[in-house]
Amino acid sequence: MRLRAMPSRFAIAALTVAAAAVLCLLILGMPRPRASALALAMGVALAAACAIDFHLTRRDWRNAAATLTRRMPAAFAIGVTQPIHLELELGGLRAWKIKLHDHTDATLVTEGMPRHFTVRGGSVTQLTYTVTPSRRGHVEFAPADFSARSRLGLLDVFGRIGVAESRRVYPDFAQIARYAWLAGDRRLAEIGIKTYRQRGEGTDFDQLAEYGAGDPVRRIDWKATLRFEKPIVRKFQNERDQCVMLMVDCGRRMRADDRQAGMGAAHFDQVLNAVMLLTYVALKHGDAVGAMTFGTPPDERRWFAPRKGAITLNALMGELFDVHPTPTHSDYLSAAQDLLRHQRKRALVIVITNFRDEDSSELGQALTLLRSRHLVMTASLRETVVGELMNQPLASTDAAIEVGSAHLYEQARRDAFNRIATKDSLKDSMMVDAEPQRLGIELVNRYQVVKREGRL
């Protein structure tokens with residue numbers, strides 16, 4: 001391990017005292033040649049002492065065979081604080097005064113670094129600090145920097161210890177975990193998700209059951225009725241083996257962020273949270289889920305083929321976790337053509353974007369093209385600040401202007417929705433206009449309506 005050194009405060013103080021002594025001797029009348037020789041001798045002596053000190057300290061450090069081990073989660077979630085545990089093991093006999101600073105990624109908010117401590121040889125020191133990711137994607141942990149006081153105290157030696165590591169920062173899974181818990185406890189209404197009676201709906205056979213009041217007579221299974229000598233009916237469930245395709249806009253419109261409520265509260269982060277929640281629900285219903293991005297340069301586009309199974313959610317997030325919106329214009333028509341080329345089987349296509357009035361013509365053409373083969377749902381983000389401006393009290397002239405402008409903007413959004421919507425999509429609520437934090441809940445509710453009504 002390569003060590004470097006610099007004079008410690010003690011060495012600098014000793015040099016300052018020596019210089020002050022020589023100056024005092026000059027003031028008291030010592031000849032300059034003698035004072036210069038004295039200063040040179042003291043400087044050489046101090047330099048020699050520093051060299052010896054560095055040699056001894058470097059030998060001690062090599063004998064100590066120091067190792068730094070970092071223990072941390074296999075992955076992080078944006079905005080979620082996680083502890084990082086360090087173990088510094090030192091051999092030898094001497095004690096060391098150490099200042100340690102672990103090098104974390106610039107996108108991690110770090111608390112608890114640097115650390116000052118004393119460690120004795122032959123022991124293990126455990127340290128803990130916390131990091132909070134502020135951005136999705138890959139994060140890097142470089143080897144830690146350390147500095148230690150030399151044996152004679154004349155130098156501060158420093159170097160690097162440990163290994164470089166990388167981790168992934170995913171969207172926050174808390175919403176999915178809460179959904180799973182509430183679903184098991186039958187309390188989904190607490191987060192705004194509606195539930196529907198599943199039995200007796202759809203066309204996929206579920207099971208045989210004894211006839212009950214209100215069961216359609218046409219669903220009586222006569223062979224089973226004869227076998228059991230009592231009326232038996234067939235029960236059905238919502239159709240399975242269907243496909244949900246998510247088209248996620250990553251263009252310049254998705255860079256909007258009108259609130260700074262904390263890490264992970266950006267609009268696009270909320271979109272990924274909604275994608276995860278809807279994917280989880282669709283997989284639970286037995287459907288296949290796929291995704292594609294658009295509005296990015298061609299080499300940055302992502303395509304995730306529809307698939308089923310419990311691992312699909314992890315695989316999808318592994319594909320999208322480091323996607324960020326770009327300044328690129330979103331070409332809706334080109335994205336629709338790409339999806340039609342890749343996805344030939346009829347699917348529920350959910351377009352997630354943040355369109356404006358001037359985008360309605362191009363987006364309308366893209367939706368018309370998609371509707372020729374698929375059932376299409378369009379979801380657009382609504383800025384939270386618009387609602388706040390509309391509902392503020394009219395306390396001043398500026399407030400009145402802001403309220404009027406917000407209502408005008410909201411009316412323009414409704415007109416744009418009407419232009420891109422068909423009569424059926426308006427009737428069947430296939431248009432979603434939600435604030436970012438409500439997007440996941442709204443998409444799940446609309447998806448369940450589509451499943452209940454057998455639209456696919």
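**Exercise 1. Which charged end sits over the ring of Trp 96?**

Before starting, note that this is a predicted model, where local features need pLDDT of at least 70, side-chain atom pairs count only at pLDDT 80 or more, and totals for chains, interfaces and linings use all residues. Residues are numbered from 1 along each chain as its sequence is written, and side-chain values use heavy atoms, with hydrogens and water left out.

Step 1. Know the test: a charge sits over a ring if NZ of Lys or CZ of Arg is within 6 Å of the ring centre and within 35 degrees of the ring normal.

Step 2. Apply it: the charged end of Arg 94 sits over the Trp 96 ring, 3.8 Å from the ring centre.

**Exercise 2. Find the aromatic partner of Trp 61 in an edge-to-face pair.**

Step 1. Rings of Phe, Tyr and Trp (its six-membered ring) pair if their centres lie within 6.5 Å; planes under 30 degrees apart count as stacked, over 60 as edge-to-face and the rest as tilted.

Step 2. The structure holds five aromatic pairs.

Step 3. Trp 61 belongs to helix H2 (residues 32-64) and Trp 96 to strand E5 (residues 95-103), so the pair links distant parts of the chain, 35 residues apart.

Step 4. Ring pairs also bring in Phe 146, giving a cluster with Trp 61 and Trp 96.

**Exercise 3. Is Arg 167 buried or exposed?**

Step 1. Buried means under 20% relative accessible area, exposed over 50%, and partly exposed in between (1.4 Å probe, protein chains only).

Step 2. Arg 167 has a relative accessible area of 18%, so Arg 167 is buried.

Step 3. Look around this residue of strand E11 (residues 165-170). With contact meaning heavy atoms within 4.5 Å, Arg 167 touches, among others, Met 72, Phe 76, His 138 and Phe 141, not counting residues up to four places away in sequence. The Arg 167 side chain also reaches the backbone oxygen of Pro 73 at 2.8 Å.

**Exercise 4. Find the residues that touch the most other members of the largest nonpolar core.**

Step 1. A nonpolar core is a set of buried Ala, Val, Leu, Ile, Met, Phe, Trp, Tyr and Cys residues joined through side-chain atoms within 4.5 Å.

Step 2. The largest core has 42 residues, and Val 275, Ile 350, Leu 439 and Leu 443 touch the most other members. Helix H5 (267-284) is one of the elements that each supply at least two residues; the largest share, twelve residues, comes from H5.

Step 3. A second, separate core of 35 residues includes Ala 64, Met 72, Met 113 and Tyr 129.

**Exercise 5. How many residues of strand E18 are buried?**

Step 1. Seven of the seven residues of E18 are buried.

Step 2. Sort them by direction: Leu 375, Met 377, Ala 379 and Leu 381 point one way from E18, while Val 376, Thr 378 and Ser 380 point the other way. In a regular strand the side chains alternate between the two faces of the sheet.

Step 3. Find the neighbour: two strands pair if DSSP finds at least two bridges between them, and E17 pairs with E18 in the parallel sense over six bridges. Thr 353 stands opposite Ser 380 in E18.

Note on methods. Helix = DSSP H or I, 4+ residues; strand = E, 2+ residues; numbered from the N terminus. Polar contact = N/O pair within 3.5 Å; in protein donor to acceptor, adjacent residues only side chain to side chain.
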